[in-house]
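This briefing is meant for someone meeting the structure for the first time. Please keep the sequence and the model in view while reading the points below.

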Amino acid sequence: MKDVRDVIIIGSGPAGLTAAIYTARANLRPLVIEGELSSTGDQPGGQLMLTTEVENFPGFIDGIQGPALMGNFRAQAARFGAEFLTEKVTRVDLSVRPFLVEVGDLAFRARAVIVSTGAKSKMLGLENEIKLIGHGVSTCATCDGFFFKGETIAVVGGGDSALEEATFLTKFASKVYVIHRRDSLRASKIMQERAFKNERVEFVWDSVPVELVGDTMLEGVKVRNVKTGEETVLEIAGLFVAIGHVPNTSLFVGQLDMDENGYLVTTTGSRTNVDGVFAAGDVADHVYRQAITAAGTGCMSAIDAERWLESQPHEAEILETPTEW
Amino acid sequence: MAEGVDVLTDSTFEEEVAGADVTMVVDFWAEWCGPCRMVAPLLDQIAAENEGKLRIWKLNVDDNPVSARKYQVMSIPTLLVFKDGVAKKRIVGAKAKAALLNDLSEFL
């Protein structure tokens, strides 16, 4: 059997690219199937591609831009021989050996697979939401904040991402509502302090969006107070949603063990329930979800994969014994 | 910038759009927009591969706010497709090349 690779890495955020650096340095010649371009966090480089300043990645005293950081990760992996394919995996079969990974009509075989497909932002699921993308509803604050100079806009959510977006957006908007379903935030203290101090940020507590107002252009959002049931329309020109993430695991349904929210389940480091398949980063982490933890588990998955490969009999070579010479 | 991709400004927009004899695709972009920078080389390729059928123009929204406002661009990258001087289609967001070609297929 020809063209069997040692390792295929699916996904190219901090987890996948760290796994690529480590497996490349171990001479495993990883193929990184890095995903497809989009305006969401589900793209080559992952969620950091849509951020600006990253202040908490160790090693950068003055911070670094998210896309620049991911560019560095990728270049570092490439330097050690990692190969990249800028496409999306369409199907995997983890019941065969070597594993099968398909990208459209292309089929790849690998002895080990590292899954680092990450997570993507949840949408609200309201009527009109998709239709209004580009007309007031945005999936990318860093791309679209500019268009709301002097306007009133809203961010939905109460975590770090929501407050970071809200604070960033006050550079442009004159007022940013933060709509949050509870009366306290789960964001880090430093982000909370920044948001509370910012005069352009106004919190709308205990509230959830129930309707987007506007036909061809967003004009407002109707919110319901979850405690009183009262509904209010906030007039806004822009809406940014940061209410959490869903793991990108649809490829693996029925093949890899997942928890009730679709996150991959790992045991003993990065091992999944399938021998030879490892998981790293946000796809298997709904708790920490940091670039540094993703990079850390990416490293673990590479070491786990390397050791697992070493422990395996070299089936591929046996299968390759020529019979037609 | 590859051949077949030209720069458009607020002052040249109307003239170029009205005078175009092929399909015009205007790429609204900005330096600080990551997805815009990533989609740019794909547009360069599409322009080069479809010479004579369509022409791709880049419009920097930082320097040319009038056109962005006029066409209600509120998200970038946005591609506006013009035929005979009229905006026919709006493509919002960065996409893979195959998806872009699919969106543009009716004009190719």
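This is a predicted model: local features need pLDDT of at least 70, side-chain atom pairs count only at pLDDT 80 or more; totals for chains, interfaces and linings use all residues.

**Helices, a sheet and a contact between chains**

In chain B, helix α2 (residues 34–49) and helix α4 (residues 97–104) have axes that come within 10 Å of each other and cross at roughly 50 degrees.

- The crossing in which α2(B) passes α4(B) is right-handed.
- On the side of α2(B), the residues that meet the other helix are B:L42, B:Q45 and B:I46, while α4(B) brings B:K97, B:L100 and B:L101.
- Sorted by class, the residues of this contact between α2(B) and α4(B) are four nonpolar, one polar and one charged.

**The helix pair in chain A**

- Helix α1 (residues 14–25) of chain A packs with helix α2 (residues 66–79) of chain A at an angle of about 20 degrees, and their axes are 8 Å apart.
- Because angles under 35 degrees count as roughly parallel, α1(A) and α2(A) are roughly parallel to each other.
- The crossing of α1(A) past α2(A) is left-handed.
- From α1(A), the contact is made by A:P14, A:L17, A:T18, A:A20, A:I21 and A:A24, and from α2(A) by A:F73, A:R74, A:Q76 and A:A77.
- The contact of α1(A) with α2(A) has seven nonpolar residues, together with two polar and one charged.

**The sheet in chain A**

- Chain A holds an open sheet of five strands with parallel pairing, in the order β10-β17-β11-β12-β13.
- The edges are taken by β10 (137–138) and β13 (201–204) of chain A, each of which has a single partner strand, so one side of each is left without a neighbour in the sheet.
- Strand β11 (residues 152–156) of chain A runs parallel to strand β17 (residues 238–241) of chain A and is joined to it by four bridges, and among the paired residues A:I153 has A:G238 in β17(A) as its bridge partner.
- β10(A) also pairs with β17(A) in the parallel sense, over two bridges, and here A:S138 stands opposite A:F240 in β17(A).
- β17(A) is covered on both faces, with A:G238 and A:F240 buried on one side and A:L239 and A:V241 buried on the other.
- Helix α4 (residues 160–169) of chain A lies across β11, β12 (175–179), β13 and β17 of chain A, and runs at about 165 degrees to β11(A).

**Where the chains touch**

- The contact between the chains involves 16 residues of chain B and 18 residues of chain A.
- Within the side of chain B that touches chain A, the largest share, four residues, comes from α2(B).
- By class, that side of chain B has eleven nonpolar, four polar and one charged residues.

**A loop residue in chain B**

- B:D63 is found in the loop that lies between β3 (54–60) and α3 (65–70) of chain B.
- B:D63 has 13 C-beta neighbours inside 10 Å and therefore counts as partly exposed.
- Between B:D63 and B:V86 there is a separation of 23 residues in sequence and, from C-alpha to C-alpha, of 23 Å in space.

How values were computed. Residues are numbered from 1 along each chain as its sequence is written. Chains are lettered from A and ligands numbered from 1 in the order in which they are written. Axes are lines fitted to C-alpha atoms, for helices over the stretch in contact, and angles run from 0 to 180 degrees between N-to-C directions. Angles under 35 degrees count as roughly parallel, over 145 as roughly antiparallel, 65 to 115 as roughly perpendicular and the rest as oblique. A crossing is left-handed if the near helix is turned anticlockwise from the far one by less than a right angle, and right-handed if clockwise. Two residues are in contact if their C-beta atoms, placed from the backbone, lie within 7 Å. Ala, Val, Leu, Ile, Met, Phe, Trp, Tyr, Cys and Pro count as nonpolar, Asp, Glu, Lys and Arg as charged, and the others, Gly among them, as polar. Two strands pair if DSSP finds at least two bridges between them. A residue is buried if 20 or more other C-beta atoms lie within 10 Å of its own, exposed if 12 or fewer, and partly exposed in between; C-beta atoms are placed from the backbone.
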